[in-house]
2 protein chains.
Amino acid sequence: MRAGRMVIRMDARPIAVFDSGLGGLTAVRELHRILPNESIVYFGDTGRIPYGTRSDETVIKYVRQDIRFLMTFDVKLIFIACGTASSIALEAVRSDAGVPLYGVVPATAAAAARASRNKKIGVTGTSATIRTGAYRRALKLIDPDIEVIETACPLFVPLVEAGRVSAGDVVIETVAREYLTPLKDAGVDTLILGCTHYPLISGVISACMGEGVTLIDSGREAAREIAGRLGQADMLSPGKKGETSYYVSDSVEAFTSLGGMFLRAGITGRVAKVDIEKY
Amino acid sequence: MRAGRMVIRMDARPIAVFDSGLGGLTAVRELHRILPNESIVYFGDTGRIPYGTRSDETVIKYVRQDIRFLMTFDVKLIFIACGTASSIALEAVRSDAGVPLYGVVPATAAAAARASRNKKIGVTGTSATIRTGAYRRALKLIDPDIEVIETACPLFVPLVEAGRVSAGDVVIETVAREYLTPLKDAGVDTLILGCTHYPLISGVISACMGEGVTLIDSGREAAREIAGRLGQADMLSPGKKGETSYYVSDSVEAFTSLGGMFLRAGITGRVAKVDIEKY
């Protein structure tokens, strides 16, 4: 009897990741860490950020254009790193993508459900993310007994972008306390950071929530989810180290200088500007 | 000798006003007050707000589209109420408009120069407005001896939009004090509110700056400038009360519900959505 021939199904095509701006780089950072062989095409819609304050109709239109642009690359999956876009548009645009499409919401909800012991889970996010109730639905789908307490935190993004991220800053601490006190009082033991900007103020958030509350970083959980899916489907990239290219809809310079804050490393790949409205 | 025949040159065509969002409604409010017979077409680019954090190239592109859209109406002048758009794009797009084009910056600078006694003038605005130095240039053109002290106030817009406008709010007061203390210490006697959102926190700003500092509201000054120009050119609208129609690039509902804060009155005219990317 001879040995069966092993079928090589590995897939060197890049992973596409997009976000309304730079926040999705927190997911790219995690992908670099856990899947160093994967090539990544990143799109940040910096010319139209923020998505979090816009109507559903506008967000869906923008996400369709983002996907059409990313499909011009031969990618093996598309990941929506933006909490707002994943919450509002994931189902509406699923058929637009000719490849598997994953959003940050389901992966993050699953991680939170695994982490919670008392089944009381808090959700933070932009106004649009919270308005959709996407995290609530995803959590209830996993376990209807989970109690979900949601709070929109519209000032977190501009405060992070203004660099107000440090403990001891009365502005971020006051705003965080106002947003988070109802979640703390409700006794949640797990808190979803439902926007890719929020891990940058995890210290401030953690101090507000107190010990014993697990923070769930949506970018990190999404990267783990992608790794798992690719592994299951035998679609991981073979061999050598992957390359990352970045596309933005506004200034390349601003992206390159600010991106390092999210990536926690310099941006080394190619960065180019794209006219997203043409897609 | 018989009496000369009077030539009627009055002009019933509407005035076009545009802004990156709702802030330009502060100029509309003033126009309603001082020129009640004028009809107005307002465009708020709510689908792409804010302009204040974007690159020059992107702002100019957006402003060209805004003007092309407004030129589809038979307007007699176009007014750029957005400080960022006026600072960055006014000269670049002047030839695009087939009618007189006015920006908020020159009118506001002229009013500040008239108000100042000690020739020390402070300028507040978005990061993009301050980066261009447009107010500095406009003031120096009027009087090279004017000392100009500029400060970017990037958190004012999101804080106003989050409703944090009241005296006693530690967040807006802390941020305002940080931004304004250098201007106060420099001894300015006049302060330009170089963004149409800022009049909504004039109480907080005034308390920081102290008595004796005159605040210059860019929306109000721009409305006065338009009234003066139309009067000089005998292009004021004849007779009956004007009508205002509003166009936005995102949700009509959000505009209608939030617009009243800037207009200090309910929005009564027609509000419609426009796909600005087609222009």
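Some conventions come first. Residues are numbered from 1 along each chain as its sequence is written, and chains are lettered from A and ligands numbered from 1 in the order in which they are written. Because the model is predicted, local features need pLDDT of at least 70 and side-chain atom pairs count only at pLDDT 80 or more, while totals for chains, interfaces and linings use all residues; side-chain values use heavy atoms, with hydrogens and water left out.

Let me begin with confidence. The model scores ipTM 0.81 and pTM 0.85. For chain A the average pLDDT is 92, and 97% of the residues score at least 70; pLDDT is the predictor's confidence in each residue, from 0 to 100.

The largest nonpolar core has 138 residues. A nonpolar core here is a set of buried Ala, Val, Leu, Ile, Met, Phe, Trp, Tyr and Cys residues joined through side-chain atoms within 4.5 Å. Buried means under 20% relative accessible area, exposed over 50%, and partly exposed in between, with a 1.4 Å probe and protein chains only. Which residues touch the most other members of this core? They are A:L25, A:F79, A:F156, B:L25, B:F79 and B:F156. Setting aside residues up to four places away in sequence, B:L25 touches B:Y42, B:Y246, B:F255, B:G259, B:F262, B:L263 and B:I267; contact means heavy atoms within 4.5 Å.

In chain A, residue A:L25 belongs to helix α1, where it is buried together with A:T26, A:A27, A:V28, A:R29, A:E30 and A:L31. Helix α1, residues 25–34, is thus mostly covered, with seven of its 10 residues buried. Helices (H or I, at least four residues) and strands (E, at least two) are DSSP runs, numbered from the N terminus.

Why is B:T151 classed as buried? Its relative accessible area is 13%, under the 20% limit. Beyond its neighbours within four places in sequence, B:T151 is in contact with B:V123, B:T124, B:G125, B:I130, B:Y179 and B:L183.

Next, the interface. Here 28 residues of chain B are in contact with 28 residues of chain A. The two chains bury about 2,100 Å² between them, 45% of it on carbon and sulfur atoms; buried area is the accessible area (1.4 Å probe) that two parts lose on being put together, summed over both. Of the area that chain B buries against chain A, B:R54, B:L155 and B:E277 supply 24%, more than any other three residues.

How many salt bridges does the rule find across this interface? It finds 10, a salt bridge being a side-chain nitrogen of Lys or Arg within 4 Å of a carboxyl oxygen of Asp or Glu. One of them joins the side chains of B:E277 and A:K61, at 3.7 Å from N to O. On the side of chain B that touches chain A, the elements giving two or more residues are α2 (56–70), α7 (156–161) and α8 (170–185).

Helix α2 of chain B contains B:T58, which is buried at 3% relative accessible area.

Finally, some backbone details. Most residues other than glycine have a negative phi, and most peptide bonds are trans. A cis peptide bond, with omega about 0 degrees, joins A:I49 and A:P50, and the bond from B:I49 to B:P50 is also cis. A:P50 lies in the loop between β2 (40–44) and α2 (56–70) of chain A.

Positive phi values occur at A:R264, about 50 degrees, and at B:K119, near 60 degrees. A:R264 is in the loop between α11 (252–263) and β10 (271–273) of chain A and is exposed at 56% relative accessibility. B:K119 is in the loop between α4 (104–115) and β5 (120–125) of chain B and is partly exposed at 35%.
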